[in-house]
Amino acid sequence: MKAAVISSPGQVGIETVEDPAPGPSEVVVQVAACGLCGTDLHILQGEFAPTLPIVPGHEFAGEVVAVGAGVRDLRTGDRVAVDPSLYCHECHYCRIGRNNLCEQWNAIGVTKPGGAAEFAVAPAANCVKLPEHIATRDAALIEPLSCAVRGYDILRSQLATHVLIYGSGTMGLMMMELAKRTGAASVDMVDVNEERLGTARQLGCSATATSADELDQPRGWDVVIDATGNAGAIQDALGRVGKGGTFLQFGVADYAARATIEPYKIYNQEITITGSMAVLHSYERAAELFAGGVLDPEVFISDRLPLVDYAAALQRFQAGVGRKIQVLP
C-alpha cells in the first residue's frame with residue numbers, strides 16, 4: 001500500500017509499505033480521510049515519536065475491511081472513526097483513571113503506524129461506528145474534537161464566564177464552539193491571521209482582534225486558552241487572566257518553548273494554570289456531539305488533498321493557510 005512516511009527529522013515522502021494485517025482484537029481500516037495536526041509538525045521535527053521512520057496520521061476515519069480474532073462488535077463494511085490513543089492499562093496512571101498520562105503511552109500515527117496511508121490497523125475497542133448521516137471523511141474531525149472536549153473537562157467551566165482564546169485555527173475554533181455551548185457569556189478570539197479571524201466571526205464569536213489590547217475586558221478574562229503553542233502568545237495570554245481565573249495550555253508547544261510566570265500574582269489572585277493532554281474518556285462523547293451537528297465540516301475543513309501531496313499539505317498547514325487540512329488516500 002501507499003503511505004506517507006516521516007523517515008528522519010524534516011524528511012517526509014510517499015512510500016510503498018507492506019499491507020497491514022489485523023492481530024487479535026484488531027481491525028484494518030481503509031482510510032477515507034486523515035487530518036493534519038500540529039502534532040504532525042512536531043513529529044516531522046523529530047519530537048514526540050520515539051523512533052523514526054513512522055507513518056503519521058492520528059486523525060482518521062474509514063471503512064473496516066478486515067477483522068482479527070476475537071472482534072465481536074465490528075464487521076467488514078462498518079464505517080468507523082478511530083481513537084488513536086493506546087494505553088498500557090497497567091501503570092500507576094492507568095490504574096487511577098488518568099490513562100492519557102500513561103507511562104507507556106502510545107498512539108496510532110505518533111508511535112505506531114497511522115492513518116496517512118491507504119490502510120491502518122486499530123484496536124476494535126478504539127473504533128466508533130458512524131451513523132448513516134455522517135460522511136466518513138468528515139468523521140476524521142472527531143479526534144481533534146475529542147481533544148477539545150478533554151480541554152473543557154479540565155476547565156470545569158461555570159456559566160456566564162468570559163473566555164479569551166489565542167489562535168483561531170481548527171482547535172481554537174473548536175474550543176470556541178464548546179465555550180458557546182457550555183454557557184460562556186462571551187468568547188473573544190486573538191490571532192495574527194485575519195483570514196482565520198474571519199472564520200471565527202462567521203461562527204459567532206463575540207469579538208476578534210490581532211492583539212488582546214484591542215479588546216474591552218479591563219478586569220481580564222475568567223478563562224484564557226492558548227490554542228497556538230506559540231511562546232509569545234502563551235506569555236501574553238498568561239497576563240490576560242483575571243482574578244480567580246484559569247489559564248489552559250491547550251496548544252502543543254515546542255519542547256524548547258518557555259514562559260515566565262509571576263508567583264505572587266498567582267497566589268494573590270488565586271489564578272489557576274493547567275494543561276490538557278490529548279484524549280481521556282472523551283472520544284465517544286465527541287462522536288455524539290459531532291453526530292448532533294456541533295461542527296460544520298464545510299466550515300472546518302478547508303482543504304482536501306490527495307495522499308501523494310502529503311508533504312505539500314504539511315507545508316500548507318505550517319504556513320497557516322486554511323483551517324483543517326485533510327489528505328485522502
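Helices and strands here are DSSP runs, numbered from the N terminus. The model discussed below is predicted.

Q: Is α3 roughly parallel or roughly perpendicular to α8?
A: The axes of α3 (residues 142–155) and α8 (residues 283–291) come within 8 Å and cross at roughly 110°. Angles of 65 to 115 degrees count as roughly perpendicular. Therefore α3 is, relative to α8, roughly perpendicular.

Q: How many residues of the contact of α3 with α8 are nonpolar?
A: On the α3 side, the contact includes Ile142, Leu145 and Val149, while α8 brings in, among them, Tyr283, Leu289 and Phe290. Sorted by type, the residues of this contact comprise three charged, one polar and, as nonpolar, eight.

Q: What arc around the axis of α6 do its buried residues cover?
A: In α6 (residues 231–238), the buried residues are Ala233, Ile234, Ala237 and Leu238. They pack against β10 (162–166), β13 (221–226), β14 (241–249) and β15 (272–275). These residues lie on the same side of α6 because they cover an arc of only 130°.

Q: Does His89 count as buried or exposed?
A: His89 is in the loop between β6 (85–86) and α2 (92–95), and has a positive phi of about 65° although it is not a glycine. Its relative accessibility is 55%, and the cut-off for exposed is over 50%. His89 therefore counts as exposed.

Terms used: Residues numbered from 1 in each chain as written. Predicted model: local features only at pLDDT ≥ 70, side-chain atom pairs only at ≥ 80, totals over all residues. Heavy atoms only, no water. Axes fitted to C-alpha atoms, helices over the stretch in contact; angles between N-to-C directions. Helix = DSSP H or I, 4+ residues; strand = E, 2+ residues; numbered from the N terminus. Parallel < 35°, antiparallel > 145°, perpendicular 65-115°, else oblique. Contact = heavy atoms within 4.5 Å. Nonpolar A, V, L, I, M, F, W, Y, C, P; charged D, E, K, R; others polar. Buried < 20%, exposed > 50% of the residue type's maximum accessible area, 1.4 Å probe, protein only. Arc of directions from axis to C-beta.
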